[in-house]
Amino acid sequence: MKNFKETANFIWSIADLLRGDYKQSDYGKVILPLTVLRRLDCVLQATKADVLKKYEQATVMKIQNIDPILNKVAGYSFHNRSNFDFDKLIADPNNIAANLRDYINGFSAEAREIIEQFEFENQINRMDDNNLLFMVVKRFQEIDLHPDKVSSMEMGYLFEELIRKFAEISNETAGEHFTPREVIRLMINLLFLNDHDILTKKGIVKTIYDCCAGTGGMLSVAEEYLNELNPDARLEVFGQELNPESYAICKSDMLIKGQNPINIKKGNSISEDHLAGEQFDYLITNPPFGVKWEKIAKKVKAEHDEKGHGGRFGAGLPSTSDGSFLFLMHLISKMKPEGSRLAIVFNGSPMFSGSPSATKNESSIRQWIIENDMLEAVIALPNQLFYNTGISTYIWLISNHKPKNRKGKVQLINAVDLFKKMSKSLGNKRNELAVDHIANITETYGNFIANDYSKIFDNTDFGYSKVTVERPERDAKGNIKLDKKGLPKADTSLRDTENIPLKEDIHAYLKREVLPHVPDAWIDESKTKVGYELNFTKYFYQYKPLRSLDDIRKDILALEKETLGLIYEVIA
């Protein structure tokens, strides 16, 4: 990774040229599109002369649909027919702006659309007006981003590092754009583990989809993993991304690697599903944590109300303050009936938020997932693993075609202690997963056995009945009031609820836990509702005895002695 680090540092240093004429928060508007342009330029370098020659011939022959012909000559699903490249651009400093526009316009439609996402024309004018354009382009011309020098994986790291730095200096949330690569690798390992027999078949073709694609990290790692496993396999990647810059970077990477760029869509995948009706073999994403969805609530609620389970959100709607479950239900709707697998990163909220009620909410979504036997496993990850948050995170594994030994079961894996400290923090990311940690977690999942770090439960272990416990209303003399049917009238001020595990008999529970304290109570069964939650902490709780008073006393005395010594040093 030496080349990547050197290149990332060099590109970052170019931003110094913008100091004074640009706010720090605007550096990315220049550096990111030029990094993409230089990458495309280096990729096309070897065939550029051949493309220009073929373009001249095709023009003479008046061929109409020339793009496919030039793409074939270029060796990619895009080309550039301009006479300019970065070398020729810097050879004419006086006309740098006009020539750069000519160069950008020379790209085929798919590549040109990528550059347009950055609104780079505004920056060309701005830099030209401030005599910066030639200097900046000259510095980029000095960078070799040819695939032989910088791999696709390294380019992914490079873009993510640049985005992270630009986001940090502008107080934005860098982690919204990407997921640490070791976390992606773990997710892919878990996603593909049970399918090795299928994935190693000659000529096998599979599909994968990320509804929050970011810069395409998850899709790239999945493709690389399958290529390592089986060079004769092909993974067709699909994605959708809301952020224009991230979308552009993702799409440019797919162009270079020979993937179909049409498969990458721009927009909010929840309110504007541009792959509606499509289904995939694998689904993977890291949706933004705690994202609010009030702006798209009207569309989402309409789909829920009008289509029910015929749409994506029939199981229920989460609180508008956290749309995590919307992304999960969206992905589930794109699973193939014959069997698909899904991996998603969540914070702790989706495991317990919401309680059984008259309206379908988070609890009913969990109920739908578990009762339909789709939840395979939940893995608790170490804290401080992500760039934009230090909170607890979890990987959920979903399948609509569980293997026989997992049917009716859910595996919980506690991997919170499997990490190593980073030599240098990146935002909130202070910990990382080493190769052996990933292997350990994958093996624990694959073995599907119970131990100190792996617990296996029946689906119903997570369910409970939320019962309403009533007590009678009494008059001034203490007599029970009766309703029109002659039954005890419930006192709403004394009403209470109890959550009773599904495996327990409700009346036995009442007799054992409630009646010894209030013998006049009863359960109003008409109000009973079923709920589900995943109380991860409860299942892995380990009692730690309190420290002895002697140990505490020794520590206090030692601190007093140390503090006293410091005071004497200051005074002396």
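The stops below go from the whole chain to single residues.

**Before you start**

This is a predicted model: local features need pLDDT of at least 70, side-chain atom pairs count only at pLDDT 80 or more, and totals for chains, interfaces and linings use all residues. Residues are numbered from 1 along each chain as its sequence is written, and side-chain values use heavy atoms, with hydrogens and water left out.

**Stop 1: the whole chain**

Select everything. The chain holds 21 helices and 15 strands. Both are DSSP runs, numbered from the N terminus: helices are H or I with at least four residues, strands are E with at least two. Along its principal axes, the C-alpha trace spans about 105 × 80 × 50 Å.

Now colour by burial. Of the 572 residues, 49% are buried. Buried means under 20% relative accessible area, exposed means over 50%, and partly exposed lies in between (1.4 Å probe, protein chains only). The chain exposes about 28,000 Å², and carbon and sulfur atoms supply 50% of that. These areas come from the Shrake-Rupley method with a 1.4 Å probe; for residues, only the protein chains shown count as cover.

Look at contacts next (heavy atoms within 4.5 Å). Among those with a separation of 6 or more, 77% join residues 24 or more positions apart.

Then show the charges. There are 75 positive and 81 negative side chains, and the centres of the two sets lie 2 Å apart. Lys and Arg count as positive, Asp and Glu as negative; His and the chain ends are not counted. Each charge is placed at NZ of Lys, CZ of Arg, CG of Asp or CD of Glu.

**Stop 2: strand β7**

Select residues 393–399. This is strand β7, and 7 of its 7 residues are buried. In a regular strand the side chains alternate between the two faces of the sheet. Which residues of β7 lie on each side? Thr393, Ile395, Leu397 and Ser399 are on one, and Tyr394, Trp396 and Ile398 are on the other. Both faces are covered.

β5 pairs with β7 in the antiparallel sense over 7 bridges. Two strands pair if DSSP finds at least two bridges between them. Find Arg341: it stands opposite Ser399.

Most residues other than glycine have a negative phi. Gln384 is partly exposed, at 25% relative accessible area.

**Stop 3**

The chain has 34 salt bridges. Each is a side-chain nitrogen of Lys or Arg within 4 Å of a carboxyl oxygen of Asp or Glu.

Select Asp26. Is Asp26 buried or exposed? Asp26 is buried, with a relative accessible area of 9%. Lys29 meets Asp26 in a salt bridge, N to O at 3.1 Å. Lys29 is partly exposed, at 40%.

Arg126 lies in helix α8 (residues 120–129) and Asp26 in the loop between α1 (2–14) and α2 (28–44), so the pair ties together parts 100 residues apart in sequence. Arg126 is partly exposed, at 27%.

Stay with α8 and select Glu121 and Arg101. Their side chains meet in a salt bridge of 2.8 Å, N to O. Arg101 lies in helix α6 (residues 96–105) and Glu121 in helix α8, so this pair ties together parts 20 residues apart in sequence. Arg101 is partly exposed at 25%, and Glu121 is partly exposed at 38%.

Next, select Lys409, Asp458, Asp461 and Lys503. Salt bridges that share partners join these residues into one network.

**Stop 4: a hairpin and a loop**

Strand β9 (residues 420–426) and strand β10 (residues 429–432) pair antiparallel over 3 bridges. Lys420 has Glu432 as its bridge partner. The hairpin has 2 residues between the strands, and Gly427 takes a positive phi near 65 degrees.

End at Lys62, in the loop between α3 (48–60) and α4 (67–74). Lys62 has a positive phi near 55 degrees. Lys62 is exposed, at 67% relative accessibility.
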